[in-house]
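Welcome! Take a moment to look over the chain, and then we can walk through some of its features together.

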Amino acid sequence: MALTGAAMAMTLTFTTPGTAEATPQTMSIGSGAEVVAIAYEHTLFQGDALYIYGDDCRGSSWEQPLDWFPDGWNDRISSVTVRRWCSVVLYEHGSRGGLSMHLGRNGDYTNLHWFNDLASSLNLVQH
Ligand SMILES: [Ca+2]
């Protein structure tokens, strides 16, 4: 414990305002007219944010897969805000492989629980 404290103090000493840790960064993925969801680095919508763009899912049953996350976002998402019109399915691996978690539209997911730091791709779906 004492070692951890010392390490943290040392880190703080060399941290200056304006670094990536001090100021959350945003990136975006997807194409489309609107932000359909926002994923965050930490729980409770904290830390860096990934804005997920797509076409709103009203009146269309086709899917909008995003098979790879940008650099730095693999296995990192811990909370997600899903806006009104699309649901989001998170996948464990790239190209929608492995385990998945469905996040219904119009919902605030403050903690992904067993899917924390696990998502590597996603799909935007109508339901
Ligand atoms: Ca995380």
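## Two exposed loop residues

S95 counts as exposed, with 11 C-beta neighbours inside 10 Å; exposed means 12 or fewer other C-beta atoms within 10 Å, buried means 20 or more, and partly exposed lies in between, with C-beta atoms placed from the backbone. S95 sits in the loop between β6 and β7 (97–103); strands are DSSP runs of E with at least two residues, numbered from the N terminus. Although S95 is not a glycine, its phi is positive, about 55°.

D75 is also worth a look: its phi, near 55°, is positive in a residue other than glycine. D75 lies in the loop between β4 (64–66) and β5, and is exposed, with 11 other C-beta atoms within 10 Å. Most residues other than glycine have a negative phi.

## About the model

This is a predicted model, where local features need pLDDT of at least 70, side-chain atom pairs count only at pLDDT 80 or more, and totals for chains, interfaces and linings use all residues. Residues are numbered from 1 along each chain as its sequence is written.

## Strand partners

β2 and β5 run antiparallel and are joined by four bridges; strands pair if DSSP finds at least two bridges between them. Here I38 has T81 in β5 as its bridge partner. β5 also pairs with β8 (residues 107–109) in the antiparallel sense, over three bridges, and V82 stands opposite G107 in β8.
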